[in-house]
Amino acid sequence: MSILKKHISALRDGEYSAEELCRSYLSKIEGEDSLYNAFLHVDCEGALKAARRADEMLKDGDAPLLCGIPFALKDNICTKGIPTTAASATLKDFIPPYDATAASLLKNSGAVLLGKTNMDEFAMGADTKSSAYKITKNPKNTDMTPGGSSGGSAAAVAAGFAPFALGSDTGGSVRQPASFCGCVGLAPTYGAVSRYGLIAFASSLDRIGILADSCSDCRIILPAICKKDPKDSTSKGIDSFENERKDLKGLRIGIAEEFFSDSISEDVKTRVMAAAEVLSSLGATLVNLSLPSLEYATEAYYIISSAEASSNLARYDGVRFGHRSDSPFCTIDEFYKNNRSEGLGKEAKRRIMLGTFVLSAGSYDDYYKKALSVRELVREDYRKAFEKCDIILSPTAPETASLVNGKPRTPASVYSEDFSTVSQSLAGLPAISVPCGTDRNGLPVGMQLTGPAFSESLLIFVGECYEEVAK
Amino acid sequence: MISPAKDILGRGFIKNQRYNMKSKINTKELADLAKLSFSEKELSEFERDMENIVSFAKKVMDAKAEASPLRKDGENVLRCDILNEESTVEISDVAPKGAVQDEYFAVPRVVAE
């Protein structure tokens with residue numbers, strides 16, 4: 001039985017109370033988080049208060065499924081009265097006056113917020129090392145990074161600090177850390193979960209996703225956060241979570257050659273192809289296909305996301321939001337520059353600079369407009385692919401987790417590793433990372449299942465079928 | 001018709017602010033536009049990084065992409081990308097009086113509210 005199902009049934013059977021459950025998680029965090037640095041802020045008092053309220057709801061009966069279940073939130077999801085920094089020094093003292101919709105839906109269903117997890121600053125990064133506060137380590141091997149940018153959320157789930165956590169996925173930031181930490185990471189269709197209260201990085205790509213212990217846990221959590229929200233004009237919610245399939249017979253699984261290029265490590269390729277064979281043995285048919293536009297997807301993603309970031313991060317000028325410098329200034333421009341330069345980290349500055357460059361008059365057509373065209377090609381390639389198959393199987397990341405103290409690399413070589421996850425973000429498609437074994441060093445490998453818009457239920461079902469056999 | 005040379009906030013670009021792709025990127029001018037300042041040491045490091053990132057991003061120019069990414073030429077990217085089919089728009093209250101007929105000032109109804 002999954003961890004979430006176990007807690008749900010135990011809380012209803014009175015085996016233990018929500019307060020007892022909450023205390024056990026808080027004490028685990030207190031005792032062990034110094035090893036991993038998964039959390040930026042733990043809200044002991046608020047969590048215990050929420051747990052007592054959940055116990056009341058459970059006593060009254062008819063409590064929602066997640067009532068009394070502890071969870072963690074990535075630190076770029078706003079929480080009323082609790083610091084929300086997006087791991088940036090510029091938001092060091094920011095305490096939001098409101099809850100993000102996803103956070104408030106979970107709180108209203110009686111779930112218990114334990115705290116806020118570490119991340120790359122403003123979700124820009126893939127190893128949780130660009131946080132202004134601490135470096136998170138992978139619970140599977142503390143010499144390794146947990147991936148990123150939702151590395152704190154993934155580490156919290158993998159270390160057993162929370163049965164589930166929410167993260168944000170702009171170009172793979174939920175799926176890649178899930179893969180590195182050996183948990184399940186679901187990036188729902190763009191618009192399925194409201195972005196209201198999510199600190200914006202790239203608004204046309206950002207989505208709130210789930211990190212959990214298993215696919216069946218994702219099936220329980222997803223309906224609680226997928227609601228149409230009038231506060232986010234892009235939100236649609238999901239109307240039905242029903243899955244019509246009873247098994248995988250006749251399911252067509254696409255294997256795109258572009259996802260298995262030479263840049264994918266042999267260990268990862270082997271594990272993912274072995275998973276494909278498992279799914280095939282359960283009745284699925286493997287279909288070869290091609291997604292040619294993937295060749296340019298990573299570059300297009302970085303151009304579009306940086307352009308949007310340069311706009312979204314303009315608000316951290318020390319007047320509207322963010323750090324205010326004590327340095328002297330003569331002009332308003334100098335004042336802004338002092339505030340922004342002291343408050344923002346190196347990676348955030350790089351992205352702002354790239355975004356400013358691609359939006360500047362001489363580069364707009366060559367970079368930005370071209371990247372938007374590539375985005376259309378990617379969407380079209382996926383649309384054509386889903387005429388031939390029901391879902392697409394690929395590695396979640398080209399390699400397993402990297403060393404925390406590895407050699408410094410150029411930004412471009414780091415960016416190009418997002419190859420497996422950015423195309424789904426450009427197309428707004430749902431994708432789930434499911435653990436599918438380990439490499440020769442014992443580090444987790446993740447396989448990624450991508451489906452058409454709003455096919456989350458099918459993706460979770462395929463993951464559940466795999467988990468059942470892989471057990 | 002809205003000029004395509006506007007960024008995603010709809011701001012016009014500074015005239016004469018052009019970057020020749022083949023020449024070295026003027027990191028200092030970019031930093032000015034982005035309201036950032038760097039020490040000399042930081043600036044040279046950022047110059048290296050920007051050269052590296054821009055040469056990576058340049059690959060996108062090789063794509064044979066003919067699809068039109070915008071519903072209408074010059075339309076604000078955020079607007080065309082984020083509106084779903086059910087969204088309705090209306091003219092923002094903050095639109096200049098002389099320009100209320102300009103679609104550019106149409107915003108999603110919920111935002112207008």
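I take buried to mean under 20% relative accessible area, exposed over 50%, and partly exposed in between, with a 1.4 Å probe and protein chains only.

**Conventions.** I am reading a predicted model, in which local features need pLDDT of at least 70 and side-chain atom pairs count only at pLDDT 80 or more, while totals for chains, interfaces and linings use all residues. Residues are numbered from 1 along each chain as its sequence is written, chains are lettered from A and ligands numbered from 1 in the order in which they are written, and side-chain values use heavy atoms, with hydrogens and water left out.

**Entry 1: confidence.** I looked up the scores and found ipTM 0.88 and pTM 0.89. The predictor's confidence in each residue is pLDDT, from 0 to 100. For chain B the average pLDDT is 65, and 36% of the residues score at least 70. In chain B, pLDDT stays under 50 over residues 1-23 and again over residues 67-80. With contact meaning heavy atoms within 4.5 Å, the model has 50 contacts beyond four places in sequence for residues 1-23 of chain B, and 35 for residues 67-80 of chain B.

**Entry 2: backbone.** Helices (H or I, at least four residues) and strands (E, at least two) are DSSP runs, numbered from the N terminus. I found a positive phi of about 60 degrees at Ala87(A), although this residue is not a glycine. Ala87(A) sits in the loop between strand S2 (70-74) and helix H4 (101-108) of chain A, and it is buried, at 0% relative accessible area. Lys35(B), also not a glycine, has a positive phi of about 55 degrees. Its place is the loop between helix H1 (27-33) and helix H2 (40-57) of chain B, and at 24% relative accessibility Lys35(B) is partly exposed. I also noted a cis peptide bond from Gly148(A) to Ser149(A), with omega near 10 degrees. Ser149(A) lies in the loop between strand S3 (112-117) and helix H5 (151-158) of chain A.

**Entry 3: Thr84(A).** What does the side chain of Thr84(A) reach? It reaches the backbone oxygen of Ile82(A) at 3.2 Å. A polar contact (a pair of N or O atoms within 3.5 Å; within protein, one must be able to donate a hydrogen and the other to accept it, and residues adjacent in sequence count only if both atoms are side-chain atoms) of 2.9 Å joins the side chains of Thr84(A) and Lys116(A). Thr84(A) lies in the loop between S2 and H4 of chain A and is buried, with a relative accessible area of 0%. Beyond four places in sequence, its contacts include Asp75(A), Leu91(A), Phe94(A) and Ile199(A).

**Entry 4: salt bridges.** Glu19(A) and Arg52(A) form one, at 3.5 Å from N to O. This pair links distant parts of the chain, 33 residues apart, with Glu19(A) in helix H2 (residues 18-36) and Arg52(A) in helix H3 (residues 44-60) of chain A. Arg195(A) and Asp232(A) form another, the closest N and O atoms being 3.6 Å apart. Both Arg195(A) and Asp232(A) are buried. Lastly, salt bridges that share partners join Glu347(A), Arg350(A), Arg351(A) and Asp49(B) into one network.

Note on methods: A salt bridge is a side-chain nitrogen of Lys or Arg within 4 Å of a carboxyl oxygen of Asp or Glu.
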